[in-house]
Amino acid sequence: MATRHTPKTTSKKSPTAKLPPALEAIAETVIEHTLPNGLKVRLLPSDAVPTCSFYTFFRVGSRNERPGITGISHLFEHMMFNGAKKYGPGQFDKTLESNGGSSNAYTSNDVTVYYEDFMSEALETVIDLEADRMKSLAVTPKMLESERQVVIEERRLRVDNEIGGLMDEELSTLIWKAHPYRWPVIGWMKDIENITREDCLDYFRTFYAPNNATVYVAGDFDPKQALALIRKYYGGIEAGPQIPRVLDAEPEQKGERRAEVRHPAQAPSLMIAWRGPAGDHPDTLTLDVLQYALSVGQSSRLTRALVYEQELAVSVSVDWTWRFDPGSFLIGVELKPGADPKATEAALFAQLEKVAKHGLEPHELEKAKNNLAAHLYRELATNNGRAHALGTYEIMLGSWKAGLGLASRYQTITAEDVRAAAAKYLTPERRSVVTLVPTEIA
Amino acid sequence: MKTVKRSGIELRPLKLPHHDVRVLPNGLTVHLIPRGPLPLVAVRLVTRAGSVFDPAGLLGVGDFASRLLRRGAAGLTANQISDQVEFVGASVGGFANEENAIVSLSTPSQHLESMFEIFAKVVLEPDYAESEIELSRRRVLAQLSNELDDPGSLADRALSRAVWGTHPYSHEARSGKADYEAFQRKDLVAFHQQRLGPAISHLYVTGEFKAAKVMALVERTLGGWKNGPAQAPVIPTALGIAQPGEVIIVDKPEQTQVQVRIGAPGVKRGHVDHFPLMVMNTVLGGGFTSRLVTEIRVRRGLSYGAGSGFEMMSAGGAFNVSSFTKTETLTQLLDVALAEVKKMKSKGPTAAEVATVQRYISGLYPARLETNEAIAGALADVVHYGLTDEWISQYRERIAAVTVKDAARAAQKHLFEKDRVIVLVGNAQKIAPKVKKYGPVSVLKPSELE
């Protein structure tokens with residue numbers, strides 16, 4: 001996979017712009033280091049509370065899978081808690097909890113992310129635990145079978161028995177014909193049932209290497225000591241092979257795509273997505289502004305129009321998630337019982353056309369930017385939030401500094417930029433529509 | 001750095017920000033907690049006016065009226081309030097839970113003054129315009145109906161009814177279509193005039209600001225607030241649970257998975273056994289290495305999640321176990337869960353388990369006090385439940401002081417034997433015959449919970 005860099009072709013952004021004092025204070029504390037084996041380390045000391053958060057970002061997600069083993073990234077995320085050489089089955093969480101900590105993880109299309117929150121005294125134990133499983137995870141047949149059942153139950157919870165999950169799965173197969181974003185992160189049921197131990201071991205060797213990982217530590221700790229400990233425990237892990245490139249073979253979309261999900265429900269529902277740019281494309285930030293102007297707050301365009309004025313919907317949400325490869329600008333509309341999906345679609349499209357024709361009002365543009373800036377501060381309020389936010393910025397934008405500087409980059413976006421982005425991306429040719437058609441409730 | 005050592009746990013002192021309290025002449029208690037470093041402020045107004053005090057036939061009226069506060073006030077329309085507040089990246093809103101009505105504001109520090117002025121208008125002078133009432137009513141009714149599609153929230157709603165029965169703690173779970181259709185403007189005005197008021201309210205302001213300036217701002221905007229009760233109303237004590245021994249199925253024939261809840265009596269907040277119970281429950285179903293997770297998820301792969309917890313309120317509490325599994329393995333999951341509760345009740349936790357969870361709870365406790373909102377919430381709980389600041393500053397030490405015997409005794413005393421209710425959301429035809437062994441079975445349609 002190519003390293004992500006912020007594009008150098010845009011002239012609008014000013015990466016050297018001065019940060020606001022509170023963000024500058026955070027930036028000044030960050031210590032960066034890369035071990036000889038390629039592990040990137042970022043330390044964010046702060047003594048507000050006597051705890052730490054330890055994040056490990058692996059650049060692997062369902063994007064790196066292939067048909068037949070879909071869901072392996074997520075299944076593997078579960079397996080990472082099931083024992084390694086030093087800390088055997090059940091020992092990871094037991095050791096962590098008995099040292100005053102807890103852990104969790106998530107898998108997305110692009111990345112797999114692990115974290116621990118813990119009392120500061122447990123830092124060495126946490127580093128030992130994380131290094132142990134990166135170095136020597138054990139994938140035993142027994143643990144694999146048991147964890148497979150857990151994941152199958154998770155799939156039943158989130159997809160098979162959840163209307164939003166059913167629709168989302170249908171939508172992805174509409175948007176993407178060739179790209180791995182097509183399949184769900186949790187995987188197809190048959191694939192989950194059939195992933196082998198060999199698949200897992202191969203996956204581990206390829207992707208769970210220090211050169212494919214970035215570690216963030218935030219909280220109350222001594223950075224010198226932390227770096228020494230990280231060297232001690234991770235230093236002996238060998239770098240892995242070069243990560244296989246993911247080919248984006250997605251063909252151009254030639255027209256609107258539609259699907260229905262028929263399921264017992266109280267009301268119809270819509271999920272509509274437009275193919276957007278990749279996360280590192282300059283238009284991505286413009287679409288962030290558009291997302292906020294359309295859906296954040298009661299005064300946002302779509303909420304005001306569809307929920308409060310036309311009363312077609314109970315709620316409207318816009319999800320513009322940055323991805324490594326071109327992603328989707330997704331609008332979800334929860335209709336009122338009895339509302340007509342066709343009429344709701346028409347009302348929604350009319351709102352989007354207005355933006356594509358006339359852009360945003362100056363105060364709407366300003367409001368979106370203010371909210372994006374406030375959101376950044378709120379993300380940074382906890383150790384966990386700081387480690388997660390800066391790590392995510394580094395993975396998606398190429399550097400955490402670019403993340404802290406986002407507010408000033410948003411400032412350069414004009415109403416005309418937003419209009420042009422809406423006109424470019426929110427077209428029928430880029431659109432996929434999934435409609436929930438309620439069947440009778442027994 | 002100074003450390004406290006007990007049960008082998010070394011705890012670094014918890015730095016609680018300085019906390020200023022002042023009662024205004026109208027009775028409003030103001031708590032100022034200035035802290036940085038981020039330029040943000042959280043404001044929280046807490047009034048003892050929650051759903052327990054909603055009158056029969058109008059259940060949910062307090063929450064409805066609280067949410068409507070920001071839909072027009074003191075000459076500002078709903079849209080004007082939204083525009084002004086959201087323009088600067090702030091948010092303002094109200095809601096009610098069982099015991100309190102809460103209005104909150106979150107804002108960048110630089111806009112605190114102008115945002116607080118809007119906040120005060122929303123609190124003091126809501127319009128309750130007929131058009132906004134109707135608009136909101138239609139939306140809430142639609143939401144209520146759509147929620148019937150979510151098996152997890154159906155299970156929680158059914159459980160709450162089965163546990164609290166006719167006690168006012170059930171109001172939230174029982175407020176339904178008929179109530180929302182009955183609300184009139186005069187009911188909302190009555191809520192605002194008679195149930196909200198300065199004498200029974202506490203205001204918490206946390207974040208980056210100058211205390212003297214904010215105190216003056218509060219006095220200027222809320223100092224003239226009048227009306228409302230002189231004393232906080234009392235909540236009747238809740239004893240036991242309403243439907244002990246029963247099995248209640250909410251029928252959703254399309255489900256391939258069953259949502260499972262077990263409800264039983266608990267204790268009220270601040271109970272003398274609080275800390276032993278916290279330790280014991282964390283062993284049973286609190287953390288990720290709890291017995292329930294180990295037995296249900298790790299050893300048997302029956303579910304993705306399982307847990308237990310005590311819900312503790314002023315006048316009573318409940319204990320619950322929650323999980324889910326595929327239809328075919330329902331009784332296996334129930335048997336495991338019930339056996340684990342029984343085992344804990346008779347034998348208590350082991351010394352090693354107690355030591356583990358003490359570190360687990362204590363180690364992570366400071367992370368509960370990281371944001372302005374969390375600090376305001378924690379202080380509000382102390383005030384609301386009549387506790388002292390030591391509840392926060394000594395929390396870890398009190399957890400550390402719990403002995404294995406204490407935890408075992410708490411398990412023996414408080415965990416259920418027969419007085420539990422089982423709530424299941426799934427395909428009734430398939431599951432009803434299998435669960436008769438747990439008690440008399442009744443089947444509800446989701447629409448009966450609307």
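Biologist: What makes strand S4 (residues 29–34) and S8 of chain B a pair of strands?

Modeller: In this predicted model, six bridges join S4(B) to S8(B), and the two strands run parallel. A pair requires at least two bridges, so with six bridges S4(B) and S8(B) count as paired. One of the positions involved is B:Thr29, which stands opposite B:His202 in S8(B).

Biologist: In what sense does strand S5 (residues 40–47) of chain B pair with S8(B), and over how many bridges?

Modeller: S5(B) and S8(B) pair in the antiparallel sense, over seven bridges. Here B:Val43 stands opposite B:Val205 in S8(B).

Biologist: Why is strand S8 (residues 201–207) of chain B called largely enclosed?

Modeller: Burial requires 20 or more other C-beta atoms within 10 Å of a residue's own. Seven of the seven residues of S8(B) are buried, so the rest of the structure largely encloses this strand.

Biologist: Which residues show that both faces of S8(B) are covered?

Modeller: On one side stand B:Ser201, B:Leu203, B:Val205 and B:Gly207, on the other B:His202, B:Tyr204 and B:Thr206, and all are buried. In general, side chains of a regular strand alternate between the two faces of the sheet.

Biologist: Why is A:Leu19 called partly exposed?

Modeller: A residue is exposed at 12 or fewer C-beta neighbours and buried at 20 or more. A:Leu19 has 16 C-beta neighbours inside 10 Å, so it falls in between and counts as partly exposed. The residue is found in the segment before helix H1 (21–29) of chain A.

Biologist: Which residues does A:Leu19 touch, leaving aside those up to four places away in sequence?

Modeller: A:Leu19 touches A:Glu24, A:Ala27, A:Leu404 and A:Gly405. A:Gly405 is 386 residues away from A:Leu19 in sequence, while their C-alpha atoms are 6.5 Å apart.

Biologist: What makes S1 and S4 of chain A the edges of their sheet?

Modeller: The open sheet has six strands in the order S1-S2-S6-S3-S5-S4 (chain A), with mixed pairing. Strand S1 (31–34) and strand S4 (101–107) of chain A each have a single partner strand, so one side of each lacks a neighbour in the sheet. Neighbouring strands of this sheet are turned by 15° against each other on average, direction ignored. Within the sheet, S3(A) and S5(A) pair in the antiparallel sense over eight bridges, and A:Phe54 has A:Glu116 in S5(A) as its bridge partner.

Biologist: Which strands do helices H3 and H9 of chain A lie across?

Modeller: Helix H3 (residues 91–98) lies across S4 and S5 of chain A and runs at about 135° to S4(A). Helix H9 (residues 223–234) lies across S1, S2 and S6 of chain A, at about 155° to S2(A).

Biologist: Why is the reach of helix H14 (residues 383–397) of chain A called close to the expected value?

Modeller: The expected span is 1.5 Å times one less than the number of residues. For the 15 residues of H14(A) this gives 21 Å, and the helix reaches 21 Å from its first C-alpha to its last, so the value is close to expectation. H14(A) is also mostly covered, with 13 of its 15 residues buried. Just after H14(A), A:Gly398 takes a positive phi of about 100°.

Biologist: How many residues of each chain take part in the contact between chains A and B?

Modeller: The contact takes 52 residues from chain B and 58 residues from chain A. The chain B side has 22 nonpolar, 18 polar and 12 charged residues.

Definitions and conventions:
Residues are numbered from 1 along each chain as its sequence is written. Chains are lettered from A and ligands numbered from 1 in the order in which they are written. This is a predicted model: local features need pLDDT of at least 70, side-chain atom pairs count only at pLDDT 80 or more; totals for chains, interfaces and linings use all residues. Helices (H or I, at least four residues) and strands (E, at least two) are DSSP runs, numbered from the N terminus. Two residues are in contact if their C-beta atoms, placed from the backbone, lie within 7 Å. Axes are lines fitted to C-alpha atoms, for helices over the stretch in contact, and angles run from 0 to 180 degrees between N-to-C directions. Ala, Val, Leu, Ile, Met, Phe, Trp, Tyr, Cys and Pro count as nonpolar, Asp, Glu, Lys and Arg as charged, and the others, Gly among them, as polar.
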